[in-house]
Amino acid sequence: MSLLRREEWQHFVRDVDWAFSYVDDEAVYPEWHSGTGKVPREAWLKWEEDYKVTYPEYVATQREKESAAYAVKAALQRSSSFDTLDEGWKSSTKMHFGGIALVEYAAMLGELKMARFGLNGAWRNMATFGQLDELRHSQITTFFGHEFVGKDPQYDWTQKTFHTNCWVPISLRNLFDGMMIAPNVVDLAIELPFTFETGFTNLQFVALSADALQSGDVNFANMISSIQTDEARHSQQGGPTLEILVEHDPVRAQWVIEKSFWGSARAFAALTGPAMDYYTPLEHRKQSYREFMEEWIIDQYIRTIQDYGLKKPWFWDEFMRGLDTWHHALHMGLWFWRPTIWWRPKAGVSKDEREWLREKYPNWEGVYGDKWDVIIDNINANNVEATLPETLPWLCNMCHLPACNPTQSRDGSWRVRDWSLKYDGKTHHFCTNACRQIWWKDRDNVNHETVIDRFLAGQIQPMDVSGILGYMGLTPDVMGDDPDYAAWTKDYVGRSATGLALAPAESEES
Amino acid sequence: MKNPVGPILRMGDEIDKVVAAIEDDNPGKEIEVIDRGSYVRVQAEDRITLTQQTLRAYLGADYAIRSLEAIMSSFNGRIITTSDSITWEKVSARRDALAGRE
């Protein structure tokens, strides 16, 4: 028996937008969830996905993907490949497992919201597949990470991270609650599938897989690139939604993209930037973070936005300048406050590595070199204590990342700026101009308190580093430390040094 | 390339055959292949198509075009899937066509 072609039957089973007779449309699709806004209700009848899939096709293809991913995992189960991985690369994976596993679960909730409140049957159908995808991602990520818990307790944070008050998951909760949990489905489709999954996840799931494979982590490369095949499909909910919104309310469309683009750019500078430019062993780096950003975001994503009739975001110049500074500053912050994270950040500033950084980022030495030199000389003077934190960084009230972005002054010097704003009797501090402006425009939305806000309010006791580490759930067996100090300091042993902090023993003698 | 569109294929032993099928289905079109190890960008300007029939010539008579999803981590442009073909085209193509520009 020959089967009907999909085109001959799919619309009958998918387009189920019948007229309600016992309830109002508003009762079924309330504005606060469905968010049609200025778009006439009937405009959503035009919503049509270009990436069409039926349920039989979906389950058959997903079965093939799962079989392939788990077959690779099984084949490597008894090999020693994990033990031979570089500690820096392992840190990239710990960061990924902990930072992503339960975000996938939150994304499933977002997809479920679209599957229920999406304003067209085709959209709801696609979101139903999307929620199954995200459930798969949450499961495969936690399962693959769990394998290593017995070898290294930091992998336990695969499942634990989002159940703690560590500053990293608080930052990510703030971003993703705003992107996946709080919005109505129209905004959600543009923030999550369109901006995040069409643009930024490619960076972490496809681009990073290139470094993973080079580093010998076949299993991880296979897992993340398999996940992204689902994203490539369900992210296509964004395009049809955007087309309709641009037609009826382009100002809203532009704002929603800009807000989510900026938040994603900040998070990926912290998550993907250090992994690509510092943790991945030098000989295994395929491209720099900036080059991957140019490939996936600057070229591909911006062309897509403009093809939909929208403009480059207003903060474009600030974003582009940040490509040379944000992730370097965040890397230094992650390294310096290493007891507050669940991976072992590799400093990655040996002479060879610095040469690579200078080649990729011509300003790197002038902005960061002298700071690392002080740290290096302290390590070589056997004064590691001087490189450990005794105070806390200011966390931006918008992105919750350390406010550590240098910008160049007219006299050529680089300074970290504070962008402040007084509102409602309180002074808020931001890491960038765009974080300040987005917070102001979005000030009535959900904003989590930063760890610093909580600290200053007395919620964290005792009010010192040990108190804050306890609050964040970091135990001595898990808290981060550099995996190999000698690897990046031995090049500089014996040089004359300035800027050394006095070692405790020397201070007592003097 | 002005408006590159096309699939980004993840690591696997089918990539070369899929690229060959794309070349067969788009005669006269310059197909650019950028190999980054774990992923390969396959792209051409404005529009390319891939059919199940050609894929079957390379990957076996029972190959279903829906299976391409399992190796397509991403793509550039707008994708249009039917039961026997996939097309990637520049996002603005539909709008341009409606406006009578093409």
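In what order do the 4 strands of the open sheet in chain B lie? I looked this up and found S2-S3-S1-S5, with antiparallel pairing. For my notes, helices (H or I, at least four residues) and strands (E, at least two) are DSSP runs, numbered from the N terminus, and two strands pair if DSSP finds at least two bridges between them.

**Before going on.** I am reading a predicted model, where local features need pLDDT of at least 70, side-chain atom pairs count only at pLDDT 80 or more, and totals for chains, interfaces and linings use all residues. Residues are numbered from 1 along each chain as its sequence is written, while chains are lettered from A and ligands numbered from 1 in the order in which they are written.

I checked the edges: they are strand S2 (32-35) and strand S5 (72-76), and each pairs on one side only. Neighbouring strands are turned by 15° against each other on average, direction ignored; axes are lines fitted to C-alpha atoms, for helices over the stretch in contact, and angles run from 0 to 180 degrees between N-to-C directions. I then followed S2(B) to S3(B) (residues 39-45), and 4 bridges join this antiparallel pair. Here B:Asp35 has B:Val40 as its bridge partner.

**Strands around S7, chain B.** I next found S7(B) (residues 85-89) joined to S4(B) (residues 47-51) by 5 bridges, running antiparallel. B:Trp88 is the bridge partner of B:Ile48. S7(B) also pairs with S6(B), antiparallel over 4 bridges, and these two form a hairpin with 3 residues between them. B:Thr81 stands opposite B:Ile86.

**Where the chains touch.** I looked at the contact (C-beta atoms, placed from the backbone, within 7 Å) and found 25 residues from chain B and 33 residues from chain A. On the chain B side, S1 (4-10), S5 and S6 (78-81) each give two or more residues, and S5(B) gives the most, with 5 residues.

**Two helices of chain A.** Which way do H8(A) and H12(A) run relative to each other, and why? Their axes come within 11 Å and cross at roughly 155°, so the two are roughly antiparallel (the cut-off is over 145 degrees). From H8(A) (residues 167-181) I noted A:Leu172, A:Leu175, A:Gly178 and A:Met179 in the contact, and from H12(A) (residues 250-279) A:Ser260, A:Gly263 and A:Ala267.

Key: Contact = placed C-beta atoms within 7 Å. Parallel < 35°, antiparallel > 145°, perpendicular 65-115°, else oblique.
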